[in-house]
Amino acid sequence: MIYQPEIETMPINKLRKLQSERLIEQVKYLYERVPFYRMRLDEAGITPADIRSINDVSKLPFTYKTDLRDNYPFGLFAVPQSEISRIHGSSGTTGKPTVVGYTKSDIDIFSEVVARSLVAAGCRPGMIMQNAYGYGLFTGGLGLHYGAERLGMSVVPVSGGMTERQIMLMQDFGSDALCCTPSYALTIAEELSRRDIDPQSLKLKLAILGAEPWTDSVRDDVERGLGVTATNIYGLSEIIGPGVSQEDHEEKGTGSYIWEDHFYPEIVDRKTGEPLAEGEEGVLVFTTLTKKAMPVLRYWTNDITSLYYDKSGKRTHIKMGQILGRSDDMLIIRGVNLFHTQVEAVLEGFIDLSSNYQLIVKNEGKMDEVEVKVEIGNELWRQLAITSLDNEVVQNHDRLSLIHRALQKKIKDNIGLTMNIQLLNPGAIPRSEGGKLNRIVDVRKK
Ligand code: ADP
């Protein structure tokens, strides 16, 4: 099933025409209404008349997160406050949030793209959606909520956290679908296993996961642990929230469709900002095409991925790959660029290891060092029948030392860095308690 077949399978030339019309309007609209954009365009020597088609998008200047901060809270709104029907903020936990506003028509678009996404994820009207995304300033909770209602699902607005209650509701209500962060899905899966609840005894069949980077290693654990098909949902407050792109449940692993009738994507070089070709890896940049309260031109997401058209996909819209990470979260270790997702990806295939891991970045010696802490899986832990685990135990144990060496080698081969590996017992690494999880602990002395 496709939610809006006419739009989602629109021939590319027709889609380009629609995007062109919308971009021309959006630029004119912002130039007339938001002093910040007028100033930026004037500085770049561009007038709305220079934008004649979607191909002209690259003439426009970028908008950065700092621009939102500099105009805190409402400086980039294009409508009077009386027309704003909702205000959200980014999920950042420190300092002032990045503020975004929505008109009624923006909320309508938000609901539409989330409904589209949910259908792509395998959800259908009549199903029960357990929404364990955080409600509040963060766009996840209400975004998924409205989209699921739009689709005709029954929404359980449980929000994140209280894992035992999540499981009770899943059992008692017979939830068909769960949405939350991938790290929280792991927490729920683990709690099921701890309580010896067979995932097959639940009605749950779908998990829609996003808000933080994740790889197939986590997908495998979530799918096995919850008995679901898990797909990726991506988005950010500055563009609208979750539902900017979504992976189809029957096209898993081939990327997530970007709803490009509303959000026009580009990939640009991280350093120069030059547009890159299909398939090349760089920073994802979005221009909104239909928003009213706070449209953005060429918003620099900082997220690193690539874009491509999938000729064998069900839809015509462009796909994005998994997000490697945010460019400001990229570590540079002895000259090598490193995202934590690269280490996560290496864990795939190590059936004796869990996907609970953490990277500790240190500089005790002269050089930066990365230590990978990773828990061994429950199955192996049971077989080992030991009570504690340290390097000495690992070195003196054939199977553990083999895993240790194999992981170190695969990391070296795939990433190009030698990392210290520390195998830990299950439960040793902090878990998501409902929201995004920080995988990197940087203890370098400056
Ligand atoms: P904050 O910047 O405070 O986290 P948001 O809650 O709007 O604000 O989060 C948006 C960011 O979350 C994205 O820019 C991206 O880095 C990350 N994100 C969201 N969905 C995904 C996803 N499916 N995969 C990877 N990263 C994601």
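## Helix α6 and H145

H145 lies in helix α6, which covers residues 139-151; helices (H or I, at least four residues) and strands (E, at least two) are DSSP runs, numbered from the N terminus. The model is predicted: local features need pLDDT of at least 70 and side-chain atom pairs count only at pLDDT 80 or more, while totals for chains, interfaces and linings use all residues. Residues are numbered from 1 along each chain as its sequence is written, and side-chain values use heavy atoms, with hydrogens and water left out.

H145 counts as buried because its relative accessibility is 13%; buried means under 20% relative accessible area, exposed over 50%, and partly exposed in between (1.4 Å probe, protein chains only). Not counting residues up to four places away in sequence, H145 touches N131, Y135, V155 and P157, where contact means heavy atoms within 4.5 Å.

Strand β18 (residues 353-362) pairs with β21 in the parallel sense over 3 bridges, and V361 stands opposite D442 in β21.

## Strand β19 and E371

E371 is found in strand β19, residues 369-376. This residue, E371, counts as buried because its relative accessibility is 13%. Leaving aside neighbours within four places in sequence, E371 is in contact with Q358, L359, I360, K362, N420 and Q422.

Note on methods:
Pairing = 2+ DSSP bridges.
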